[in-house]
Amino acid sequence: MTTVFRPIDRGTPPKSSGSSVRLEIDGIAVNVPEGTSVMHAASLAGVPVPRLCATDSLEPFGSCRLCLVEIEGRRGYPASCTTPVAAGMVVRTQSAKLGELRRGVMELYISDHPLDCLTCSANGNCELQDMAGVVGLREVRYGYQGANHLAARKDESNPYFSFDPAKCIVCSRCVRACEEVQGTFALTIDGRGFASMVSAGQSESFLASECVSCGACVQACPTATLMEKAVISKGQAERSVVTTCAYCGVGCSFRAEMKGSELVRMVPDKDGHANHGHSCVKGRFAFGYATHPDRITTPMIRDRISDPWRQVSWEEAVGFAASRFKAIQAAHGRGSVGGITSSRCTNEETYLVQKLVRAALGNNNVDTCARVCHSPTGFGLKATLGESAGTQDFDSVDDSDVIMVIGANPTDGHPVFASRMKRRLREGARLIVVDPRTIDLVRSPHVRADFHLKLRPGTNVALVNAIAHVILTEGLYGRDFVAERCEQRDFANWKAFIEQSRHSPEELETQTGVSAALVRGAARLYATGGNAAIYYGLGVTEHSQGSTMVMGIANLAMLTGNIGRAGVGVNPLRGQNNVQGACDMGSFPHELPGYRHVSDSTTRTHFEQQWGVRLDPEPGLRIPNMLDAALDGSFRGIYIEGEDIAQSDPDTQHVTAALEAMECVVVQDLFLNETAKYAHVFLPGSSFLEKNGTFTNAERRISRVRKVMPPAAGKEDWEITAMLAEALGYPMGYTHPSEIMDEIARLTPTFAGVSYPRLDELGSIQWPCNAEAPEGTRTMHVEEFVRGKGRFLVTEYVPTEERTSRKYPLILTTGRILSQYNVGAQTRRTANNVWHEEDRLEIHPSDALLRGVRDGEWVGVRSRAGETVLRALVTERMQPGVVYTTFHFPGSGANVITTDNSDWATNCPEYKVTAVQVEPVTQPSQWQARFRRFTQRQVELLGRPQEVTND
Amino acid sequence: MEAERLVRMANDIARFYQAEPDRDEAIAGVEGHLRRFWEPRMRRQIEAHLAAGGEGMDELTRLAVGRLGVAG
C-alpha cells in the first residue's frame, strides 16, 4: 500500500458485465466480462501486448498499430485494443509476422524522434523506449535525415509542465485525456498527415489556451513530450507513497513520488475510489507550499502582539500557553477559554483538539471552520433524514439521469468530481443549474444546462418551495415512497403549506427573478426525468436561511423518491478536504463525535469512562459567540489549529477586534497567517505530507494521509496538541495516530469498524462502517432513513434582512476559483498565482457602465460593515444588480465587507448576500492602508522577511 | 454579549418555527433550539433581557425564552 510505484496499465478500461466470456490467449485460458478488449484480457492473463496509443484510463483508439494480434479464423491482424473478446476466441500475441509488423511501426516512430534517451527526462519511464526494446528494434532503415519535427519549439508557458513537440508521437492520448477524463477539450490534433501536431486551443501556448492544468495529458503522455518540470529538474522518483490530497472535499488519492525525503511529483492514484486516477491543478501540482521559505519551523511566544516574537523550545512555548490558559480560567472561570479546529486538519487532529477542550479545559467551547461553510448541511440533513452527511458516493453520478446543481461551482470548487459529472452529462444526463451566476457548467464543451435558474441571491428557499409546489400540485410526486418511507403527519403539514398558491412559481417570480415557466420546466424534469440527484454547495448553506434550504432540498428528494439508491440523493459538495471529518469528530460545541448531543447522558458517560473526566452537559460557544464574548470580556483565551479566522470569517474588523481583546491567542499553523498576527503563541504545524492520519471526504469516505517526509518543525500536529494537553494536566498517552483512530472507533458507532489496518486493506472506507456494514456504506437510507421515517419540514421563506437600498443598491456574493484554495495560504505560495494573482470584483457591463467602472480599474466596494478596493472584471457572467468576488488574498478584504448576518440555526455566515455600492476609486481603502501597516509591523516583529505577506 | 445581537439571533430562530401550525410546538421548537445550541451564559443573558422588558424580541421569542428558566 505504501510502496506501490507504477501501477499496472491494462491498456483499455475494465468492463463490467453480467456475463463472462472464456477465450485463450497464447495458450492461456482466461475468463473476462463481456465487452472486454483482447488487450485487457491479455493483460489479465499475464500476457503483455505491445502498445503506445492505448492506456487503461482512455477508451481505445487503435491508431498506433503496435498492439496487433492474430486471431484464429479471422483475417488480418486486428488491433487488440479495439477488438472485443468473443467466446472461444484463440489469440496469438507473438509471431514472426507480428514481430515484423511491430518493428516496422517502431521504425517509423523512431525515424522522427530525437535519440537522446540518456539525457531525456523520461529515461527509465518512457513507453516509447520500452516498446523499442520489446519489439527488438535494432535499426531504422529510413535513417534520420528526412523531414522531421525535431526542431519544433518547446512550450514552457505552463509553470508546472513543458510541452516538447519534438518528442511527440501523435498518439492522441493527451487529446483524448483532455476530452474523456477532464472534459475541457482544450487540446486537438492540428494539421493532417505528417504535419499533424498536438495543439493547445487555436495554436496557442498551453498557458493562453483553455487548458486547466489538471495534468491528465501529462499523465497520459507515453513519452517526455508532456513532462512535469519537477521531473525534468529532479529526475525520476524512486518510490511512491499513497496518500490523500489536502485540498477540496473530493479527497483525491495520490501517489506521492519521492526521491529520499524529497517530493518529486504527485500522481493521481487510479485505484483511488474518489478520483479514479484524475486530478486538478491544485492537488496535482500545487504542493510547493510545504517547503516554502515562509514556513515557520520554531515555536514562538510573546506577551503582547506589539512585542517581537521570541523563538523558544517546544516545552517553553507549550508551557507558556498552558500557564496562560490556566491563569485565565482561574480568574474568569472555566468557560473563558476554548479552541477552534479546522477542516484542513486530519480526523485524528480534530478529535484531539475537541478532546483537549472538553477534557483538559473542561468546557465545550470548541468549534470548527465548518461553522462558516457546511454547518447548515449537518443541521438540515440530521433533522430531515437523520444523519449529518451526504447520501451517496461520487460513483453514483454515473447512474444519474437528471443532475441538479444548486449554489455550487464544481468546475472550480470540486474539479475532479466536475469532470466526472460532465462525462455523465456528455453521455446524456440532463442538467439543471440553480445559481445567480452563469457558472462554467451552464455552457461548456458538449455540456449545456437544460435549465439555468438564475435566481437573485438570497431567494433559494422561495425557489425550492416553488419547485416543490409544482411537483405536488401537478401530481408528479412519489406517492408510494412518501407513504412508505416518511412521517405522514409531517408530510401532511408540509403538503398543506407548500400547496398554498403563494408558493407557486408565478407568485414568487418577482422575488426570485426566475420565470415561472423555467421553474415549472425544471421541476417537471427533476420529478419525472428518471434518477435525479442534487449536488449543492456553499451557495445553499451560506445564507441566513442556509439550514432551511438544506431541509428544502431533502424535502424535494423525499418527495420524488430520489433517495436510497445509486444515481439519486442529496450530495453536499464539501468545501475543504476534511469538512465532513471535522464535523464527524465532534468539533461542534454541542455534540460529541458521531453527532451525539452533549446533553445525552449515556453518550457522555461513555466518553467520561474512556477519558477519565467529567464532561460538561451544556453546549459551548460557537466561533461567532466566542468572538462576541471576547469583546464583552468573558472569553479571553483561544487555541486555534489550522484555521485563519482573521481572513476567512465575516466582518473582519469584528474578528480582529475580538482577537485583540483576548489575553492568550495560540495559533498552530504552517505560516504566520492573518490570525497568527494577533497571536501570543505560535506552534509550527505540519503539512499533510509530514504526518499520518485520515481525511473524510464529501462522500463520507475515510482515506489515509501518510507521512512522506519528516515534519519541518519536528512534530506532527497531533503530537503538539497532546503536548499542550499534558501541559494543561491532562496527559493523552498516544504514540501513533492509529491509536487515536482506535479510540474514535471504540467511542463512535458509525466508525466501529474503522482502523488503519482495515483502511490499508480496503483502500478507503465510507462510514457507517460497523458490524452491519463491515466494508462501509456507499449509499445511505436504502431501506429506511437513519431516523426511521423521513421527516418533511416546513420551509417558510424568510427574506434576509440584508436588503438593497439607494445607498447599497447591488448584492455582493462571494466564491472561489479553480487555481486558489480558501484563504490561499497554501496556493498563494505556489505558481498557481499565474492564473489568479488577485481577487477581482466581477460586475455586469450595465452596472459598470452606469458607474463609470472600466475593466481592470480600481473600484471601491462599500457595505454597512466596511469598505475595500478591488480591481474590476466586467463580465456578462454576472446578472445586473449582482457583483461577485473571491476571498483568496487577505489584502483584498473581501470579508471586511461581509456582514454578521448568519443562518438562523447554525450561525453560518451569510457570505452570499451583502448589499454594497461600487464606484471607481484611485487609492486603497482606509482598512487596506491600516492592514498593510499592521502586516508590515508584524513581519518586522517576526524578525525575518516573508515572501508572501498581504498580497 | 450584546443583547441586541442575541435578540436578533433568537428572533431568526423564531422566524423558522413561526411556520409551525401548532403554536405549542413552535414555542417548544424555539425553546429546544436555544437549550440545545446556546451556551448557558447566552441563555442567561437573553433571559435577563426579557426580564428587563425584552426590547426587540418577537412574540414567539418571548414565549420561548420565558420557558427557559422554568424547565431549568
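User: Two strands pair if DSSP finds at least two bridges between them; how many bridges join β21(A) to β22(A)?

Analyst: This is a predicted model, in which local features need pLDDT of at least 70, side-chain atom pairs count only at pLDDT 80 or more, and totals for chains, interfaces and linings use all residues. Residues are numbered from 1 along each chain as its sequence is written, while chains are lettered from A and ligands numbered from 1 in the order in which they are written. Elements are DSSP runs numbered from the N terminus, helices (H or I) having at least four residues and strands (E) at least two. β21(A) and β22(A) run parallel, A:Tyr536 has A:Pro572 as its bridge partner in β22(A), and the number of bridges joining the two strands is four.

User: Which are the edge strands of the open sheet in chain A?

Analyst: The five strands of this open sheet follow the order β20-β17-β16-β21-β22 in chain A, with parallel pairing. An edge strand pairs on one side only, and in chain A this applies to β20 (451-453) and β22 (569-572).

User: What angle does the direction of helix α17 of chain A make with that of β20(A)?

Analyst: Angles run from 0 to 180 degrees between N-to-C directions, with axes fitted to C-alpha atoms and, for helices, over the stretch in contact. Neighbouring strands of the sheet are turned by 15° against each other on average, direction ignored. Helix α17 (residues 516-528) packs on the sheet, touching β16, β17, β20 and β21 of chain A, and its direction makes with that of β20(A) an angle of about 125°.

User: Which residue of β21(A) stands opposite A:Met404?

Analyst: Strand β16(A) (residues 402-406) pairs in the parallel sense with β21(A) (residues 532-536) over five bridges, and five bridges also join β16(A) to β17(A), again parallel. Towards β17(A), A:Ile403 stands opposite A:Leu431, whereas in β21(A) the residue opposite A:Met404 is A:Ile534.

User: How many residues of β16(A) are buried?

Analyst: A residue is buried if 20 or more other C-beta atoms, placed from the backbone, lie within 10 Å of its own, exposed if 12 or fewer do, and partly exposed in between. A:Val402, A:Met404 and A:Ile406 on one side, and A:Ile403 and A:Val405 on the other, are all buried. The strand is therefore largely enclosed by the rest of the structure, the buried count being five of the five residues.

User: Which element gives the most to the side of chain B that touches chain A?

Analyst: The contact (C-beta atoms, placed from the backbone, within 7 Å) takes 18 residues from chain B and 20 residues from chain A. On the chain B side, the elements giving two or more residues are α1 (3-17), α2 (23-37) and α3 (40-51). With five residues, the element that gives the most is α1(B).

Key. Two residues are in contact if their C-beta atoms, placed from the backbone, lie within 7 Å. Two strands pair if DSSP finds at least two bridges between them.
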